[in-house]
Amino acid sequence: MLNRIKELRKINKITQDELAELVEVSRQTIISLEKGKYNPSIFLAYKISKVFNLMIEDVFIFEEIAKEP
Amino acid sequence: MKVEYLIKKQKIFSLVFIVIGVTALILYLLTDIQDGIMLGITSGFLPTGIGLLIAYKKAENNKEMQKKIVIENEERNIFINTKAGNSSFWISFWIVFVGTIFGPIIGLNLSQFGSILLILMGIIYFSNVAINHNKY
């Protein structure tokens, strides 16, 4: 699943470590999420979206929707 | 998952290890049942159980250790361990199948096959964990 985590982190000036601590996961998980290698559970997706004060769909992009013209 | 629940779970797990170790020690001291194996089980389970219990008792009042415990049990790690366990089960299943068919032909007895299988299962599981850590 595509996501804007890296972009939003840079906008909000948060490091991977800081974001990992805020959502109670390891830094490796944040790295995997940013690379699109791992899809988070709804709980983790919600926690991450809350950090950036956005809705889940503003942070995570479902590929079927991304492909729509 | 709450850290208190995780610590409690691990303390119960370590108590089980201690009980197994003590039982094996009693059997070693008081009976002649599989002396070597009982001593091996005691040497493995008892110190591990005691060590785990001490570590998790310390973790109750240590925020840094509690953070590490939460991260060890994060969803990605659980996902990877579950996936590795699933793959390992099926690989081991086929090894048992092949061993059952060809073991008697090459003169492998049950005890030897069991020992080889135990070692292989460990290697297969941890290899799968490493592969999945890289993949996800």
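Let's start with chain A. It has six helices and two strands. Helices here are DSSP runs of H or I with at least four residues, strands are E runs of at least two, and both are numbered from the N terminus. From the N terminus on, the order is β-α-α-α-α-α-β-α.

A word on the source. This is a predicted model, where local features need pLDDT of at least 70, side-chain atom pairs count only at pLDDT 80 or more, and totals for chains, interfaces and linings use all residues. Residues are numbered from 1 along each chain as its sequence is written, chains are lettered from A and ligands numbered from 1 in the order in which they are written, and side-chain values use heavy atoms, without hydrogens or water.

Now burial. Of the 69 residues in chain A, 38% are buried, meaning under 20% relative accessible area with a 1.4 Å probe, protein chains only.

Next, the largest nonpolar core. Such a core is a set of buried Ala, Val, Leu, Ile, Met, Phe, Trp, Tyr and Cys residues joined through side-chain atoms within 4.5 Å. This one has 16 residues. Which touch the most other members? Ile5(A), Leu19(A), Val23(A), Ile30(A), Leu33(A) and Ile48(A). Helix 1 (5-11), helix 2 (16-22), helix 3 (27-34) and helix 4 (42-51) of chain A each supply at least two core residues. Helix 4 gives the most, three.

Take Leu33(A). Leaving aside neighbours within four places in sequence, its contacts include Asn3(A), Tyr38(A) and Pro40(A). Contact means heavy atoms within 4.5 Å. Leu33(A) also contacts Ile5(A), Leu44(A) and Ile48(A).

Last, a second, separate core has seven residues, among them Val3(B), Tyr56(B), Ala59(B) and Val70(B).

Methods. Buried means under 20% relative accessible area, exposed over 50%, partly exposed in between (1.4 Å probe, protein chains only).
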